Amino acid sequence: MMRRRTTLLAGCTALVLALGATACGGGEPVAAGGGDKALGGQTVTVAGVWSGSEQKNFQKVLDAFTEKTGAKTQFVSTGDNVSTVVGSKIEGGNAPDVVMVPQVGVLKQFAGQGWLKPLDKKVQSAVGANFAEVWQNYGSVDGTLYGLYFKAAHKSTVWYSPEALEQAGVAEPKTYDEMLKNGRTISDSGLAAFSVAGQDGWTLTDWFENVYLSQAGPEKYDALAAHEIKWTDPTVVDALTTLGKLFKDKQLIAGGQKEALNTDFPGSVEKVFGPKAEAAMVYEGDFVAGVAKDQFGRTIGTDANFFPFPPVGGGEAPVVSGGDAAVVLKDGKNSEAGMALVEYLASPEAAAVWAEAGGFLSPNKKLDVSSYGDDVTRATAESLIAAGDSVRFDMSDQAPAAFGGTKGAGEWKILQDFLRDPSDPEKTAAELEKAAAKAYGN
């Protein structure tokens with residue numbers, strides 16, 4: 001969730017909550033070679049957070065599934081509150097067959113509530129053959145595999161306009177302090193340094209996680225993700241202090257804090273890569289490339305590029321990942337066809353469809369990297385696969401949804417409040433701990 005995702009509405013996103021409505025694409029089965037059409041006449045309902053270009057590209061994958069099996073598909077964007085929407089649909093007797101879950105915490109929540117079917121032996125075999133152990137672990141609860149991580153995110157990438165950096169006379173930074181220093185030089189040249197998507201609270205959690213992982217280290221990161229240490233720990237205060245220096249610097253943020261709080265994720269990309277540039281850099285995951293390419297016609301590697309999120313305070317450079325897992329609901333009307341869809345999504349064939357369309361990374365190690373459309377994306381994908389078990393999964397995605405994955409609540413809202421006023425990191429840490437303790441129950 002991308003985690004979390006372009007909110008530009010496109011196609012049939014008006015169906016947002018109408019899981020029983022007319023299909024978004026899918027249509028009649030299309031004759032194609034290789035498929036036995038064993039699922040002809042069935043319809044698989046899929047719910048997920050994607051909209052805009054991501055929804056459009058995922059529909060291409062669903063259409064390929066239709067060609068292969070004969071099953072129609074319905075996809076509906078849930079918005080960011082996927083757990084709330086799916087829960088209400090289950091209670092109403094209108095459960096989707098498959099949900100693309102954007103958070104480990106939500107997957108665990110769904111499994112704990114008894115909503116999920118364990119993935120069958122065919123899917124388990126495909127996952128075992130095609131995915132590193134770390135991704136299998138992310139999809140499992142108490143040793144049972146429930147989720148197939150179809151889409152991954154490399155969330156330690158800072159995207160920039162090469163032209164803007166060149167005009168300011170600065171190069172890709174090697175440290176966090178150098179990144180801020182270069183940002184002030186860029187600002188002096190007449191263009192804001194960073195576009196920040198403060199309207200979407202999840203982007204702020206990603207900022208925090210990269211700073212925290214680099215500054216505090218992986219052991220502390222794991223402990224905080226599991227709530228084994230409190231959010232009032234000095235390492236949290238230190239990371240908030242580091243982040244606050246950026247948030248309160250009007251020279252660094254396009255339009256200052258107020259405009260940042262009114263900028264959503266697609267808008268933040270537009271400020272850098274749109275027709276009227278307002279900033280030189282935007283931090284977010286690899287999925288920035290898809291928006292820059294599809295929405296604004298940028299050529300990745302030429303007029304849109306990235307550098308790794310730089311190390312903070314003498315620490316190691318962070319590698320934070322995220323991902324969307326396909327799960328099958330017990331209460332879906334066509335859960336057998338839903339399981340067949342998940343088996344398809346576990347194949348390199350399915351991953352290649354979206355890889356060719358762009359704005360996508362797959363954790364499937366069997367996917368030929370030549371499927372990606374540009375050298376930058378290929379390099380990003382290779383680094384994610386090569387990182388293997390050393391990658392740290394997005395911390396807020398591991399948390400209960402009430403803390404780490406709900407719009408207007410928990411960590412999202414508290415960090416938005418911190419962006420608005422970053423003057424008291426200790427107070428913010430205390431608010432985070434209060435919300436986390438309630439959500440984790442400890």
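Modeller: Let's start with leucine 243, which touches Tyr176, Trp207, Phe208 and Val211, not counting residues up to four places away in sequence. Contact here means heavy atoms within 4.5 Å. Bear in mind that this is a predicted model, where local features need pLDDT of at least 70 and side-chain atom pairs count only at pLDDT 80 or more, while totals for chains, interfaces and linings use all residues. Residues are numbered from 1 along each chain as its sequence is written, and side-chain values use heavy atoms, with hydrogens and water left out.

Biologist: Where is leucine 243 found? And is leucine 243 buried or exposed?

Modeller: Leucine 243 is found in helix α10. Helices (H or I, at least four residues) and strands (E, at least two) are DSSP runs, numbered from the N terminus. Leucine 243 is buried because its relative accessible area is 0%. Buried means under 20% relative accessible area, exposed means over 50%, and partly exposed is in between, with a 1.4 Å probe and protein chains only.

Biologist: How far apart are leucine 243 and phenylalanine 360 in space?

Modeller: They are 28 Å apart, C-alpha to C-alpha, and 117 residues apart in sequence. Phe360 is one of the residues that line the largest cavity.

Biologist: What is the volume of the largest cavity?

Modeller: About 50 Å³. On a 1 Å grid over the protein atoms alone, a cavity is a set of points where a 1.4 Å probe fits but cannot get out, and lining residues have an atom within 4 Å of a point. Grid points are joined across faces, edges and corners, and a volume is the space filled by probe spheres set on the points.

Biologist: Which residues line the largest cavity?

Modeller: Trp159, Asp286, Ala289, Gly290, Gly359, Phe360, Leu361, Val376, Thr377 and Thr380. By class, the lining has five nonpolar residues, four polar and one charged. Ala, Val, Leu, Ile, Met, Phe, Trp, Tyr, Cys and Pro count as nonpolar, Asp, Glu, Lys and Arg as charged, and the others, Gly among them, as polar.

Biologist: Okay, new topic: helices. How many residues of α14 are buried?

Modeller: Eight of the 11 residues in α14 (residues 335-345) are buried, so that helix is mostly covered. Among them are Met339, Leu341 and Tyr344.

Biologist: And what about α2, how many of its residues are buried?

Modeller: Seven of the 10 residues in α2 (residues 82-91) are buried, including Val82, Val85 and Ile90. The buried residues of α2 pack against β3 (98-101), α3 (104-112), β12 and α18 (401-404). Just after α2, glycine 93 takes a positive phi of about 75°.

Biologist: α3 came up there. Which residues of α3 are buried?

Modeller: In α3, they are Val104, Gly105, Val106, Leu107, Phe110 and Ala111. Just after α3 comes glycine 114, with a positive phi of about 75°.

Biologist: Which residues have a positive phi without being a glycine?

Modeller: Aspartate 142 is one of them, with a positive phi of about 50°, and histidine 227 is another, at about 55°. Aspartate 142 is in the loop between β5 (140-141) and β6 (144-145), while histidine 227 is in the loop between α9 (218-225) and α10 (234-247).

Biologist: Why does aspartate 142 count as exposed?

Modeller: Because its relative accessibility is 81%. Histidine 227, by contrast, is buried, with a relative accessible area of 7%.

Biologist: Back to β12. What can you tell me about serine 321 in that strand?

Modeller: Serine 321 is found in β12 (residues 320-329) and counts as buried because its relative accessibility is 0%. Leaving aside neighbours within four places in sequence, serine 321 is in contact with Trp135, Ala153, Lys155, Leu384, Val391, Arg392, Phe393 and Asp394.

Biologist: Last one: what is threonine 428 in contact with?

Modeller: Leaving aside its neighbours within four places in sequence, threonine 428 is in contact with Leu240, Ile414 and Phe418. Threonine 428 sits in helix α20 (residues 425-440) and is buried, with a relative accessible area of 6%.

Definitions and conventions
On a 1 Å grid over the protein atoms alone, a cavity is a set of points where a 1.4 Å probe fits but cannot get out, and a pocket is an open set with protein on both sides within 12 Å along at least five of seven lines; lining residues have an atom within 4 Å of a point.
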